[in-house]
Amino acid sequence: MQLHVLILGGTTEGRLLGERLAHDERHRVLLSYAGRTERIRPPPVPHRVGGFGGAEGLAAFLRQSGFDALIDATHPFAARISANAVVAARSAGIPLLRVARPKLEEARSGFRWVASMEEAARALGPLARRVFLTVGRLEVGAFGVAPHHDYLIRAVDDFDPGLPRARVLCARGPFRLEEEQALLVRERIELLVSKDAGSEATSAKLVAARALNVPVIMVRRPVLPAAHEVERLEDVLTWLAALYARKHGR
Ligand code: NAP
């Protein structure tokens with residue numbers, strides 16, 4: 001009897017978990033995407049796209065399809081789905097595991113930390129600056145309060161940022177340090193805005209900024225409701241193995 005597992009993804013971790021579990025006959029996995037990016041690279045496990053209709057919708061989906069476990073491998077800034085996962089798993093009576101990326105160390109980072117995108121936009125100051133925005137397409141609207149800056153916005157898909165002095169650079173990580181340094185120099189970037197997403201695939205820009213003395217404004221993570229968390233994919237596999245053993249009365 002297989003362990004039926006729903007993975008909430010849209011991240012490298014979700015994809016890697018799918019790859020690790022694809023040929024493991026103990027598990028039957030469904031990987032779920034919100035559908036924010038236009039081009040989903042088909043994963044090696046069955047997948048679905050689109051919201052569930054809130055925590056209740058997710059709970060109903062878990063119950064109706066008979067899932068044994070829920071893994072929240074979403075992005076640290078995807079706060080709504082992570083909160084829904086906690087409520088839905090409890091309501092469906094199945095265990096939940098959250099894959100949490102390590103956080104940056106605030107005190108030792110040398111960055112200016114802010115609590116929100118709005119605060120980051122205000123922190124850019126009254127003088128026009130050349131700003132590299134790496135906060136995700138959905139967060140760019142917050143910079144409408146500071147339209148006087150020249151923004152270079154990196155995003156997976158092209159979009160209209162709705163800012164008068166903005167350009168979109170379409171790219172998908174990982175990014176190499178040399179490329180990031182060259183980009184900051186070529187674009188004469190004076191400030192970098194980022195969020196503490198904890199992804200190694202995009203951390204080279206922070207090293208590049210430090211090397212070039214480009215100040216970084218860093219947005220803190222949203223606070224999520226408590227859940228059992230692990231950082232490493234190996235720990236997810238161990239957790240699943242224990243559930244599988246329990247399901248088979250071992
Ligand atoms: P969010 O604000 O937490 O979620 C908004 C709604 O989108 C949720 O309530 C849910 O709709 C739906 N949703 C989110 N993730 C889903 C998933 N994996 N499968 C099915 N439905 C999902 O999330 P977000 O910040 O918009 O992020 C959306 C997705 O993009 C997430 O999967 C996340 O992992 C990925 N992502 C986010 C960021 C970021 O910076 N926020 C960066 C990279 C990747 P219903 O309530 O209708 O179920």
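1. Helix H3 gives the most to the shell around the ligand, contributing four residues. H3 spans 79–92, and both H3 and strand S2 (27–33) supply at least two residues of that shell. Helices (H or I, at least four residues) and strands (E, at least two) are DSSP runs numbered from the N terminus.

2. This is a predicted model, in which local features need pLDDT of at least 70 and side-chain atom pairs count only at pLDDT 80 or more, while totals for chains, interfaces and linings use all residues. Residues are numbered from 1 along each chain as its sequence is written, and side-chain values use heavy atoms, with hydrogens and water left out.

3. The shell holds 24 residues, of which Gly9, Ser32, Phe52, Gly53 and Lys195 come nearest to the ligand. A residue is near if one of its heavy atoms lies within 4 Å. By class, nine residues of the shell are nonpolar, eleven polar and four charged; Gly counts as polar.

4. Oxygen atoms of the ligand lie 2.9 Å from a polar backbone atom of arginine 80 and 3.0 Å from a side-chain N or O atom of arginine 36. The protein covers 81% of the 800 Å² of accessible area that the ligand has on its own (Shrake-Rupley method, 1.4 Å probe).

5. In helix H6 (residues 177–186), Glu180, Leu183 and Leu184 are buried, meaning under 20% relative accessible area (1.4 Å probe, protein chains only). These residues lie on the same side of H6 because they cover an arc of only 95° around the axis, taken from the directions from the helix axis to the C-beta atoms.

Methods. A polar contact is a pair of N or O atoms within 3.5 Å; within protein, one must be able to donate a hydrogen and the other to accept it, and residues adjacent in sequence count only if both atoms are side-chain atoms. Buried means under 20% relative accessible area, exposed over 50%, partly exposed in between (1.4 Å probe, protein chains only).
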